Amino acid sequence: FTISLRKVDNTTVMIKPRPGVAASCRIHTKNGIRSDLKVKPGENETFIFTCSTPEKYFIMEIQKNIDCVSGPCPFGDVHLYPPGLPHLNRTYIWDVKASTKAGLELKFSTPWLRQIEPGERCPDSISYNINSCIDEATVNIGTFCRNGSVSRVKLLGGVVMSLYLPWHSLLTTSGFNIANRASIKRLCIIESTLKGESSITLMSPNYPLGFPEDELMTWQFVIPSNMRASVFFHNYSLSNCERKEERVEYYIPGSPSNPEVFKLSDSQPANIAGSFNMSLQGCDQDAQNPGILRLLFQVVVQPPQVDENVTHLVDLSKEKNMTVTIHLEGWPRQIPLVSEPICLICKDPRTCDRALTLASGAVYRISFLCKDLSQLRITAEKGIGCMDIRWCQRKIYSLSVPKAITRLPIQLHKFIWKLLATDLINIEITSPSLKLQQHLPEQRCNTSYSYTIVSATPETQLNVGVFCPGGSIEKIQMRNNITISLKTFGKGFINESVPQDLKMSFVPHIKDECTFTVSPNPKAKVYLQTPNWPYGLPPYVSISWFIAVPSKQTARLGFSKDRMGIACETGRAYLNVKEETPGAEETVRREDELLPQPRDMRHSFWVNISNCKPVERTQLTLQFWVTFADKQIDLGIILAVVAGAGVLTAIGLTVCCVKKKKKKTQNPMVGVYNANVNTQMPGRKGLFGKGRQNNDSHVYAVIDDAMVYGDLLKESNGSVAPEVDVYRPFDGPIGSLPPSPPPFSFRKDTKRSSNTEVELPPLTDTDQDTYTFAHQKPGQSKDDGNANEKDKGDTSVPLLENKEQDGLVE
């Protein structure tokens, strides 16, 4: 290679080792082998590389100094000089000196330039960097790629222009020229020309390090008259001002108040017709704590929409504690700075944004600058609170989407109800007509919307589950603050949501974290599972289900697995099942026992699950199912009824025969009273030495089973041995709260996993007693009744006294 430089060109070429690469390649010149090479103006240098791939080991800088202060400024295209350079990664640097009274104008040839953020790379690896030089200070105007909208840059004072080309680039022109000198009285002016629908991103000088103190710069946007432009600030920060105020000024054609002044925190103008200017003004900063002024913004250009003058009324005047946000799909995630036009929502012709939030208590008229409204979504949030149960216990709140939202031509994405109450006030959710279905793999929701219910406490958050209408859950009670999120799927929500009947009310304190009331369809198989699936119930949480069984139906209850599948670190986990009928036996299982086999339940019943503190990596997750069948009449009951009917028939026939015999007797009977004859039927001698009316044999004390059968219980295999543990069941009267099992030490549960049964000793004759019903005869005193000492202990059954006794005696 030969590099020949003319002195008048004032150009220097330097070949340097590539940073971070081992110097395994050298440069061989007539003066010897070296690791770098510098060719000054007026010098010639011939050299070769000692390797076949020098682009891996060397880079090149070509710097040209241009003096526009003491001599004429070389207006026109700037060329890539000198030609015939080696194929290395190279950077061309043009250092142009100019007076601050006569700034420089750089004009770029098509396809113009596109500003990029620091650290961003250009697709073709070709990049420009522009620095402004005022006296001794240097300001980085920005880094640019090709194929953009920046057509001109005017700078105050001198400029250092850099062009970076990769070693394989075939670019032969610089792509810009020095067009003119003009005093601009500001740091710089950047001209951006947009010919059609597009979106561009620009940054303030020195971004993100900070705009120079008390400086002014301008962006000029050239927009076709038949297009509309909107400005959006995406990232900005403010410095600490001692004097003046940082602001943005707009010069908009036809505006009655040019310049229009905005704060950086304001919503910027939108739907601007034609070209306009935007200026950024800094302030005098605090010397001790200057802060940083920086700005990254986007300009979107699109044609006027056919329906931009069509307004939609959104009446939120009667709503309370509610916000409605209309936004692009994907919000609130950071919306990328796309290069295509986007949907805009306007609350007046000049106030538009990609997301618009409306507050309750007002009426809005909004319009859309959007070709396709299907890109837009609605997210709403409403808060309902209760601080005093006396004021809100009887109130029923409807959790339905207001018509002001459903009437908009935009799909509802999510409606969130935040239900807040004090510690002693709980929340009840009901769905009287539609009921709710729990979304499970075995019974998936196929509706156009669903509800996600989350219960939040300071210690933990309980995800109750996902529910949709058309199930069997009538009521859900929770004792914590609740968030209910309605989420839609598809466009069918408007039609399917018409009969929404989700209601909410505040109720007094309940014991369990969550209680479900389930009224299944007798023909359906219902699946239910513990909340927080699949992560498991939080420690020490208790959940209950009340399953209503129709009077003519029998429910069959089964569990999806054999065991709870957890090991407890502290406490014990329990499963309780009990029918809601007097004297019903309660089935209890511990975490280390087998769960009950499928069983039939003839009455409405409770299912309760209480968690312990599981050991690490084990979680309590449980699912069960309920089916229904018609009740079958028991054969034993039928036989008992038939036998009872036969006995009654025999008695009836006997009575009839006696009556007929009496009618046949024409002569009246004559009876002689004998006071010494016992008129009572002979009976078994009483078991007690005293008459029941004189002793306390008919008064029963409460007998603890453990006192009677304690020895037998201890001889069992330990399945009912006393537990040294803290049992946390729910308790209370039947019908209002779930059942409360007795202490495990004395529970008589024949349905446990153990096969040991405790047999009780049979009753003997000496354990029996006959009840007597003594009736005082007319004229008989209490003393007479006790006259005969031998009759005091007689407990035999007396003969019925009636008018027919004489006939029977005969």
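**Legends to close-up views of a predicted model**

**Overview of the protein chain.** Of the 810 residues in the protein chain, 43% are buried (under 20% relative accessible area, with exposed meaning over 50% and partly exposed in between, for a 1.4 Å probe and protein chains only). The structure is a predicted model, in which local features need pLDDT of at least 70 and side-chain atom pairs count only at pLDDT 80 or more, whereas totals for chains, interfaces and linings use all residues. Residues are numbered from 1 along each chain as its sequence is written, and side-chain values rest on heavy atoms, with hydrogens and water left out. The protein chain holds 7 helices and 54 strands (DSSP runs numbered from the N terminus, H or I of at least four residues for helices and E of at least two for strands). Where contacts (heavy atoms within 4.5 Å) join residues at least 6 apart in sequence, 80% of them link residues at least 24 apart.

View 1. Strand 18 (residues 198-203) is largely enclosed by the rest of the structure, because 6 of its 6 residues are buried. Ser198, Ile200 and Leu202 point one way from this strand, while Ser199, Thr201 and Met203 point the other way, and all are buried. In a regular strand, side chains alternate between the two faces of the sheet. Strand 18 runs antiparallel to strand 27 (residues 291-302) and is joined to it by 6 bridges, Val301 being the bridge partner of Ser198; two strands are taken to pair if DSSP finds at least two bridges between them.

View 2. Strand 47 (residues 553-559) is joined to the antiparallel strand 51 by 3 bridges, and Leu557 has Arg599 as its bridge partner in strand 51.

**View 3. Surroundings of Glu579.** Glu579 lies in strand 49 (residues 574-579) and, at 18% relative accessibility, counts as buried. The side chain of Glu579 reaches the backbone nitrogen of Arg602 at 2.7 Å and the backbone nitrogen of His603 at 2.9 Å. Leaving aside neighbours within four places in sequence, Glu579 is in contact with Ala584, Met601, Arg602, His603, Ser604 and Phe605.

Conventions. Polar contact = N/O pair within 3.5 Å; in protein donor to acceptor, adjacent residues only side chain to side chain.
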